[in-house]
Amino acid sequence: MARVLITGGAGFIGSHLCDRFLAEGDEVICLDNLSTGSIENVAHIASPNFRFVKYDVTNYLFVDGPLDAILHFASPASPVDYLELPIQTLKVGSLGTHKALGLAKEKGATFLLASTSEVYGDPLEHPQRESYWGNVNPIGPRGVYDEAKRFAEAMTMAYHRTHGVRTRIVRIFNTYGPRMRIRDGRAIPNFICQALRGEDLTVYGDGLQTRSFCHVADLVEGIRLLLRDGGPDPVNLGNPGEYTLEDLARKIIALTGSSSRIVHLPLPVDDPKVRRPDITLASASLGWRPTIVLEEGLVETIAYFREKLLAHPGERR
């Protein structure tokens, strides 16, 4: 049995991590200020090994007792969020990472940083390998997230090299599944909610930009393996299947049985044209590959949003 702290534990991915570690028999402390997370994501947990603490990780961080691992997932993670919360995004990537690393050093805990494929920016290399340094606009509107995560990676490696902290860095590519928010802002929840409401599906630009989509269950398994068997260098986790956003929109219309149309809006500033992970390192070092095909994961995710919209018909968040 391990004792694990998950910052951002009431968020989309964080809450699934809480479930997984509890299922393994571990004790989980879930820390979240609920700025983008939701208490509903962990309300189903009735384990004596689980504790929720509402707290902002950018403040002084203290946890009583031992800790075996800290998983730092606190951060706005969608364009809607980090464009509305730019300063908070920069603070949690810098101050929050610093506080969490300091706690890991104090407790002798393994530290796992949730980084992102956004560190690659609008990539000039395709697919993206961990050795690629990225093409990022540091002063653009997306820079608050990109640079927060790039700084967090640098801070994590500094604590590893200077203080000998056991560290892991996961670069997470587009992930989807139950517990995403209605107003998440990313393509899959946007398209699903629009299709279920019979609204036009809004595709930005010509829709030919590509993304890859990894189901959250596959991602959580990869994170578990990385925490246990990984090393300090960054590792990509994502599904290498690549789809245009136009294809994704049409697929969701078909799976929902919607009569919605596709409409095109102007492309946001610095929106990446391509995004696909090279997962050679994860496959070789962790024995990990995603197993859930997109159609299967979308059917589950559509069912989740259908129920959520029925329960909260006026909800836009």
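This report walks through the sheet, the cysteines, the salt bridges and a surface patch of a predicted model.

Seven of them form an open sheet, and the order runs 3-2-1-4-5-6-11. The pairing is parallel. At the edges sit strand 3 (50-54) and strand 11 (234-237), each of which pairs on one side only. Going from one strand to the next, the twist averages 20°.

For a look at one pairing, take strand 1 (residues 3-7) and strand 2 (residues 27-32). They run parallel and are joined by five bridges. Ile6 has Cys30 in strand 2 as its bridge partner.

## Cysteines without disulfides

Cys30 turns up again here. The structure holds zero disulfides. Take Cys18: the nearest cysteine sulfur belongs to Cys30 and is 4.2 Å away.

Cys193 is another buried cysteine, at 2% relative accessibility.

The general idea is simple: side chains of opposite charge can pair when their charged atoms come close.

One of the bridges joins Asp81 and Arg181, at 2.4 Å from N to O. Asp81 belongs to helix 2 (residues 79-84), while Arg181 is in the loop between strand 7 (175-176) and helix 5 (187-197), so this contact ties together parts that are 100 residues apart in sequence. Are the two partners buried or exposed? Asp81 is buried at 4% relative accessibility, and Arg181 is buried too, at 13%.

Lys273 and Asp122 make another salt bridge, with their closest N and O atoms 2.6 Å apart. Here both partners come from loops: Lys273 from the one between strand 13 (262-265) and helix 8 (280-286), Asp122 from the one between strand 5 (110-116) and helix 4 (143-163). The pair therefore ties together parts that are 151 residues apart in sequence. Asp122 is buried, with a relative accessible area of 16%.

## A bridge within a helix, and a network

Glu246 and Arg250 also form a salt bridge, and their closest N and O atoms are 2.9 Å apart. What separates these two along the helix? They are four residues apart in helix 7 (residues 245-256), which means about one helical turn lies between them. Glu246 is buried, at 14% relative accessible area.

Then there's a network: Glu118, Arg142, Arg211, Asp271 and Arg275 are joined by salt bridges that share partners.

Tyr204 has its place in strand 8 (residues 201-204). Its relative accessibility is 34%, so Tyr204 counts as partly exposed. Patch residues need over 30% relative accessible area, so Tyr204 at 34% clears that cut-off.

Definitions and conventions
Residues are numbered from 1 along each chain as its sequence is written. This is a predicted model: local features need pLDDT of at least 70, side-chain atom pairs count only at pLDDT 80 or more; totals for chains, interfaces and linings use all residues. Side-chain values use heavy atoms; hydrogens and water are left out. Buried means under 20% relative accessible area, exposed over 50%, partly exposed in between (1.4 Å probe, protein chains only). A disulfide is a pair of cysteine sulfur atoms within 2.5 Å. A salt bridge is a side-chain nitrogen of Lys or Arg within 4 Å of a carboxyl oxygen of Asp or Glu. Two strands pair if DSSP finds at least two bridges between them. Axes are lines fitted to C-alpha atoms, for helices over the stretch in contact, and angles run from 0 to 180 degrees between N-to-C directions.
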